[in-house]
Amino acid sequence: MNENSDLSCIDRILSSYNQLNKAEKKAAKYILDNPRDIVHFSIKELAESCQVSEATIFRLCNSLGYKGYQDLKINLAGSIIKPIENLHESINEQDDSYMIMNKVYRANVASMDNTLKLNSPELLDEATKLLLQASKIMFFGMGGSYDLAEDAYHKFFRIGIPVETSADSHWQAMYISSAKANDVILAISNSGSNKELLDNIKLAKEYGVKVISITNNRKSPIATESDISFISYGEEYMFRSEAMESRLSTLMITDWLYMSVALKRKKEYLDNIQEIRKVIATKRL
């Protein structure tokens, strides 16, 4: 296990899981699900909780490269106490459902954590000011990014500022043609390099329209052309693209914008929500 010597206890379990036997996997799952409890357990208590033998716990410790159970507990405690930098573990063909769930969860949490670190509160303040000044907000995206743009459109519809959305470059251009100076486009593009969207952003600038973008790359053409650009972190690895990973981070960013604007337009927001709920109630049994 020398290759794992620099990994935390949790990371060692994740990287070694597929090589463990059935009983060891059972104990490993319990440790991953209950790390804070384990540091207070005796080996007997852990074995009973996992419904495996104490010998299995010893074998698991050896498989993970630890001298014994106490060594494992000390390293596990270190993993918990330190801020967890979640592994970007690549999902592979040997992973069972449990490991797929854990790896996807940890990757998504890590993506959102990195997104939080990459975007400052001051950036959100600046974007909120632009949105509050707009007489119209347009939500643009292409392909898979449009689903995220449409979700943001659906949120902002409740605030009371006129909103438009489209994944069609021609419709986007038409919306821009009727825009006023200081109206805003929220452009979502994971790569930040979609040519049709970039062309419409350049067109918008001619009309004095402000552009807020969400991309995976701060140096991308769309980010560079934007007045404000948020970074939605994502990392590409086997069976999972950076677009998949950054999807939840993008939703988090649009939630930041939505909540920030809604708080500044509290009365309008609450009035609109009340009216929307009245209408929706007529559609329910």
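Strand E1, residues 137–141, pairs with strand E2, residues 163–166, in the parallel sense, and four bridges join them. This is a predicted model, so please hear everything I say today with that in mind. Within that pairing, methionine 138 of the chain stands opposite glutamate 164 in E2. To get from E1 to E2 the chain passes through helix H9, residues 144–156, and this β-α-β crossover is right-handed.

Now look at the side chains of E2. Val163 and Thr165 point one way, while Glu164 and Ser166 point the other way. In a regular strand, side chains alternate between the two faces of the sheet. Which of these four residues in E2 are buried? All of them are, Glu164 included.

E3 covers residues 184–188 and runs parallel to E4, with five bridges between them. Valine 184 has lysine 210 as its bridge partner in E4. Helix H11, residues 195–206, makes a right-handed β-α-β unit together with E3 and E4.

E4 also pairs with E5, residues 228–231; these two strands run parallel and are joined by four bridges. Here isoleucine 212 has isoleucine 228 in E5 as its bridge partner.

Why is E4 described as largely enclosed by the rest of the structure? Because five of its six residues, in the stretch 210–215, are buried. Buried here means under 20% relative accessible area, counting protein chains only.

To recap the crossovers: E1 to E2 through H9 is right-handed, and the unit of E3, H11 and E4 is right-handed.

Notes
Residues are numbered from 1 along each chain as its sequence is written. This is a predicted model: local features need pLDDT of at least 70, side-chain atom pairs count only at pLDDT 80 or more; totals for chains, interfaces and linings use all residues. Side-chain values use heavy atoms; hydrogens and water are left out. Buried means under 20% relative accessible area, exposed over 50%, partly exposed in between (1.4 Å probe, protein chains only). Two strands pair if DSSP finds at least two bridges between them. A crossover is right-handed if, with the strands pointing away from the viewer, the path from the first strand over the helix to the second runs clockwise.
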